[in-house]
Amino acid sequence: MLKLAIQKSGRLHDDSIQLLKDCGIAIKNGKNQLITIAENFPLEVYFLRDDDIPQYVEDGVAHIGMVGENVVFEKAKEIEIAEMLGFGKCRLSIAVAKNDDYTDASTLKGKKIATSYPLLTKQFLQKQNIEAEIHEISGSVELAPGIGLADAICDLVSSGSTLFMNGLKEVQTVLHSQAVLIKSKGLNDEQMQLLNRLLFRIRAVRKAKNNKYVLLNAPNEALEQIINLLPGMKSPTVLPLAESGWSSVHSVLNEDEFWEKIEALKNAGAQGILVIPIEKMIV
Ligand code: ATP
Ligand code: ZN
C-alpha cells in the first residue's frame, strides 16, 4: 500500500483529487475525513494541512505528497521532488505600499518585511546581500504594511488582486512555484513500484493536457510543407480523401507552439483544421 498526503482543504485540494481521478484512481471525497483508501489502486490518502505534508513525508508516515514548491523549500525537509504537477501555480513576491518608491532589492535595506516564509525571505535577502528585519506572521500578511506592522511583505501572489485591494504593489519575484509530488527517501521496492505506476499515469495525463490532436485537409501539392510543420508522435498520419488531389493529415501539437503552427499550416494551404483534446498520452 502506498500512502499519499494531500491538502485537506484549500487551493490544492480539488486539483489533487482531480489529478488522481484523471489517473483512474477513485477516492471518496475526504472533506470531513482524515484518511481514505482508494477503491481501485493500492493507495491510502491522508488529508492534511499543506504545511504538515513535508514533515509527514520526511518521517515516512506518508510515502508521497502533493504540495506547493513554496512549502517544500520553506520547510527544507529531507525529501525528494519526484514530479512537477503543473497546478497551484503562484509566485512568492515582495510587495510594498503602492505609493512607495522601489528601485531594486537594495530599497529593502534596514526595512521590516512581514512574511509567512521566513527561510525563503532570508535566503533571498542573503543572495542580494541585504540586511533587513524579517517579521514572521502566519496569516493575513497583506494587512501588515497598512497597519504599520511592516514596510514590505513577502507573500504568495497569483493574480495580484489581493495585493491591489490592500493598496500594495508587487515589486520583485522571489520564487515561482507550482504543486509537486514529493517522496520519502527510504521507500522499499514495493512502494517504489507503486510510485512508478502512479508516475506513469501522472505523466500520461499531463502530457495529454499539454498536447492537442489535429486533423486537417491538405492539397497534395502542399503535403510536404505541411508534414514538415507537424512532428506528430512519430510522424503524421496521411490518408487520401475521397476527392482526388487532397489528403487528410492527423498529428499531435504541443500547446506551447500551438497557435504559431496553426497559422503556419493555414498559410501553407491547410483547410478544415480540427483540434481535439487528448485524454491520455503514452509515448
Ligand atoms: P492549509 O490550511 O492547508 O494550511 P493554507 O491556507 O496554507 O492551507 P492555501 O491558501 O490553500 O493554503 O494555499 C495552498 C497552496 O496553494 C499554497 O501553498 C501555494 O502553493 C498554492 N497557491 C496557488 N495560488 C496561490 C495564491 N494566490 N495564494 C496562496 N497560495 C497559492
Ligand atoms: Zn498552509
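A search of the whole structure finds zero disulfides, a disulfide being a pair of cysteine sulfur atoms within 2.5 Å. The structure is a predicted model, in which local features need pLDDT of at least 70, side-chain atom pairs count only at pLDDT 80 or more, and totals for chains, interfaces and linings use all residues. Residues are numbered from 1 along each chain as its sequence is written, and side-chain values use heavy atoms, with hydrogens and water left out.

**View 1. C90 and its closest cysteine sulfur, in C154****.** The sulfur of C90 lies 12 Å from that of C154, which is too far for a bond. C154 is likewise in no disulfide. C90 is buried at 18% relative accessibility, where buried means under 20% relative accessible area, exposed over 50% and partly exposed in between (1.4 Å probe, protein chains only). C154 is also buried, with a relative accessible area of 0%.

**View 2. N129, a residue with positive phi****.** N129 has a phi of about 60 degrees, although it is not a glycine. N129 is placed in the loop between α4 (118–127) and β8 (133–136); helices (H or I, at least four residues) and strands (E, at least two) are DSSP runs, numbered from the N terminus. The relative accessible area of N129 is 67%, and the residue is therefore exposed.

**View 3. S140, in the loop between β8 and β9 (152–157)****.** The phi of S140 is positive, at about 50 degrees, although S140 is not a glycine. With 46% relative accessibility, S140 counts as partly exposed.

Note on methods
Chains are lettered from A and ligands numbered from 1 in the order in which they are written.
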